[in-house]
Amino acid sequence: MMLMEIGQAMWGSAARAVDAIALAPPSPEPKTINTDGILTFFTTKIVPILLAALGVIFIGRASKGEVSRVLTSSAIAIIGLAFVAGAASLFFFGDSLVSLIFK
């Protein structure tokens, strides 16, 4: 007897849940992120500031006579820029590379 009452209570709760789901308003379209705007912001605002900061650091070190540290830091910065350029090329050409590899 008790098992039948539990079953009936569960059935009533399930019916109410199904009705609530059926009457819920449809979900809106998912919002998209403007990746082009974000990329443009970084390339026009952030990257020049970082490069200017690196330049000031390099000039400050060179004026103190630490030329070897400046050359080392410059080499590291150039290698970092190469990695960033490689990542940017994968960002733009990654789809074509994946379709070329996985035909």
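Me: Is A77 buried or exposed in this predicted model?
Reply: A77 counts as buried because its relative accessibility is 19%; buried means under 20% relative accessible area, exposed over 50%, and partly exposed in between, with a 1.4 Å probe and protein chains only. The model is predicted, so local features need pLDDT of at least 70 and side-chain atom pairs count only at pLDDT 80 or more, while totals for chains, interfaces and linings use all residues. Residues are numbered from 1 along each chain as its sequence is written, and side-chain values use heavy atoms, with hydrogens and water left out.

Me: Where does A77 sit?
Reply: A77 lies in helix α3, helices being DSSP runs (H or I, at least four residues) numbered from the N terminus.

Me: Which residues does A77 contact, leaving aside neighbours within four places in sequence?
Reply: A77 is in contact with L54 and F58, where contact means heavy atoms within 4.5 Å.

Me: Which residues of α3 are buried, and what do they pack against?
Reply: The buried residues are V70, S73, A77 and G94, and they pack against α2 (35-63).

Me: How do the axes of α2 and α3 cross?
Reply: The axes come within 10 Å and cross at roughly 170°, as lines fitted to C-alpha atoms over the stretch in contact, with angles from 0 to 180 degrees between N-to-C directions. The two helices are therefore roughly antiparallel, a term for angles over 145 degrees.

Me: Changing topic, where does α3 bend?
Reply: Helix α3 (residues 67-101) bends by about 70° at F93, the angle between axes fitted to the seven residues ending there and the seven starting there.

Terms used:
Angles under 35 degrees count as roughly parallel, over 145 as roughly antiparallel, 65 to 115 as roughly perpendicular and the rest as oblique.
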